[in-house]
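The following exercises concern one protein chain and are to be worked with the sequence and structure in view.

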Amino acid sequence: MDQGNNSGVTEFVLHSLSGSQELQLFYFAFFTLFYLSIVLGNLLIVLTVISEPALHSPMYFLLGNLSCIDVCLSTFATPKMIVDFLMDHKTISFEGCMAQIFFLHVFAGGEMMLLVAMAYDRYVAICRPLHYATIMNVRKCTILVVGSWLIGVLHSVSQLVFTVNLPFCGPNKVDSFFCDLPLVIKLACTDTFTLEVLMLSDSGLMAMSSFVLLLTSYTVILVTVRRHSSVGMAKARATLTAHITVVTLFFGPCIFIYAWPFSDLPVDKLLSIFYTVFTPLLNPLIYTLRNKEVTSAMQKLSRQVSSCRSPSSPL
């Protein structure tokens, strides 16, 4: 192996959720079903938004992109975790570990920025409704989505550029089912204080500032909504409730892990599972169950698929 990374470690050992063989088999079945639900649920939202003209609006365009990121966020580590439930020796190569760190921060950083973009969309729709069509045009929506991905990539590169060249000489056991940056940095054979501060000021500050910005934005929007009692505002209130739920479920675990990244707490592993596995499934459930437009569009799509499958009537 190329030792350009100044590391004697060629692989890392990952920890499973449980040492019990029976539980390992249960987790294998449970998370396999969960992962398939994530992929199918989010892809169904994407397909529904694309196929239904009534959903060709900025809000649903952003929602479709959120579903794409959720599929990616659940895929960077979950399939390997599922396979590892059947393996006695759970390892990942040095390159694979660095790749997991890279994609985690690309997708998580991108989702943070996309949630901010969705809050901005709701702010314009509710607080400046007469200018909504002008402000949230196709060009603006494209810029918001592309910008979210670019910020995710830049954020990830800034985290990885120093980590990949750290000397790892042992131990090589990562106390999680995937390579998370705080856990991997602790294994380096050097003083990582400066890197810890950089990571805290990058990931921790990014998560905390985005969360505060979102809460402030939704507070302003909710104050505006309370001043009106129309049916449209009631619908907006339901949409905002869904958005706030998603934001809280996603940012809560991220802030807990990355605002205090080097605390040895067993709950960190559970929180990692929450924002990489559970949240990507909760997003489609929250948005579809509380949104009549998406629900009716899915029912319409289902009827279209059923009619295509049914045999043609004889002449």
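**Exercise 1.** In which sense do strand β1 and β3 pair, parallel or antiparallel, and over how many bridges?

*Solution.* The model is predicted: local features need pLDDT of at least 70, side-chain atom pairs count only at pLDDT 80 or more, and totals for chains, interfaces and linings use all residues. Residues are numbered from 1 along each chain as its sequence is written, and side-chain values use heavy atoms, without hydrogens and water.

Step 1. Strands are DSSP runs (E, at least two residues), and helices are runs of H or I of at least four residues, both numbered from the N terminus. Two strands pair if DSSP finds at least two bridges between them.

Step 2. Strand β1 (residues 11–14) pairs with β3 in the parallel sense, over two bridges. Leu14 has Val174 of β3 as its bridge partner.

Step 3. The open sheet has three strands in the order β2-β1-β3, with mixed pairing. Its edge strands, β2 (91–93) and β3 (173–174), each pair on one side only.

**Exercise 2.** Identify the residues with the most contacts inside the largest nonpolar core.

*Solution.* Step 1. A nonpolar core is a set of buried (under 20% relative accessible area, 1.4 Å probe, protein chains only) Ala, Val, Leu, Ile, Met, Phe, Trp, Tyr and Cys residues joined through side-chain atoms within 4.5 Å.

Step 2. The largest such core has 86 residues, and Phe12, Phe168, Val184 and Phe251 have the most contacts inside it. Helix α4 (residues 94–127) supplies the largest share, 17 residues.

Step 3. A second, separate core of six residues includes Val124 and Ile135.

Key: Buried < 20%, exposed > 50% of the residue type's maximum accessible area, 1.4 Å probe, protein only.
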